[in-house]
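Please walk me through how to read the aromatic pairs and the nonpolar core in this model.

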Amino acid sequence: MTLDWDVVWSNLPRFWDGALMTIWLAVVTMVLAIPGGLVLAFMRLSKFGLVAKSATSFVEFFRATPLILQIYWAYYVLPVIADIRLSALATALIGLACNISAFNSETFRAGIKSIRQGQVNAALALGMSRFQVMRKVVLPQAVMRVLPSLASTWVSLFKDTSLVSVIAVADLSYVAFKMRADTYRILEVLTAMAAIYWLLGYPQAKLVDWIHRRFKVTE
């Protein structure tokens, strides 16, 4: 077997563009999914049954079905049943944001519920409104507690962005698979793709380990 690594070096700009798209997708998705998850968490904790059940249905659907199916469904089925046509990039962002929002909502909900009721009662006894209690007492502590989990979700999201390649979004995976088809150099191209993902993902994984140690809550 003869290896030809020139195909990798000569196509580094294409790999670079794909890597930038992967990073952009992950960042924008998390920017949307953090407030989205927080809203869903509050909805699930709502005393209004319809609000809570609607949020629960949304969360359970996106947690219980494969992300690749959700992306396919939004891109191919939604235009048929609702006449809603979006670009591949917009579809990818919506699919990723909905999926990660669902997981973030459970993270936030667990963090909020982990705050002892005694703290809430004490704040209410001091004359604070429930909104003030949530904003000044509960949320600051809850966010610190769930930060390690959010960081872990980020690492998973970074890898899951590769699934948007199935609808021709030009992320790192799509670029690599397209290059493989153009050059027929499977081993070299896929090895380069794996190396780039590792170079980008490993520092993130180590950062998550540090966040777990730094913000671990012990009671």
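Aromatic rings and core

Ring pairs join F58, F61 and F62 in a cluster. This is a predicted model, where local features need pLDDT of at least 70, side-chain atom pairs count only at pLDDT 80 or more, and totals for chains, interfaces and linings use all residues. Residues are numbered from 1 along each chain as its sequence is written, and side-chain values use heavy atoms, with hydrogens and water left out.

Q: How many aromatic pairs are there by this rule?
A: Rings of Phe, Tyr and Trp (its six-membered ring) pair if their centres lie within 6.5 Å; planes under 30 degrees apart count as stacked, over 60 as edge-to-face and the rest as tilted. The count here is six aromatic pairs. The F58 and F62 rings have centres 4.6 Å apart and planes at 45°, so this pair is tilted.

Q: Is F62 buried or exposed?
A: Buried means under 20% relative accessible area, exposed over 50%, partly exposed in between (1.4 Å probe, protein chains only). F62 is buried at 13%, while F58 is partly exposed at 28%.

Q: Which residues touch the most other members of the largest nonpolar core?
A: A nonpolar core is a set of buried Ala, Val, Leu, Ile, Met, Phe, Trp, Tyr and Cys residues joined through side-chain atoms within 4.5 Å. Of the 29 residues in the largest one, F15, L157, V164, I167, V169 and L172 touch the most other members.

Q: What is A92 in contact with, leaving aside neighbours within four places in sequence?
A: Contact means heavy atoms within 4.5 Å. With those neighbours set aside, A92 contacts V164, I167 and V169. A92 is buried, at a relative accessible area of 0%.
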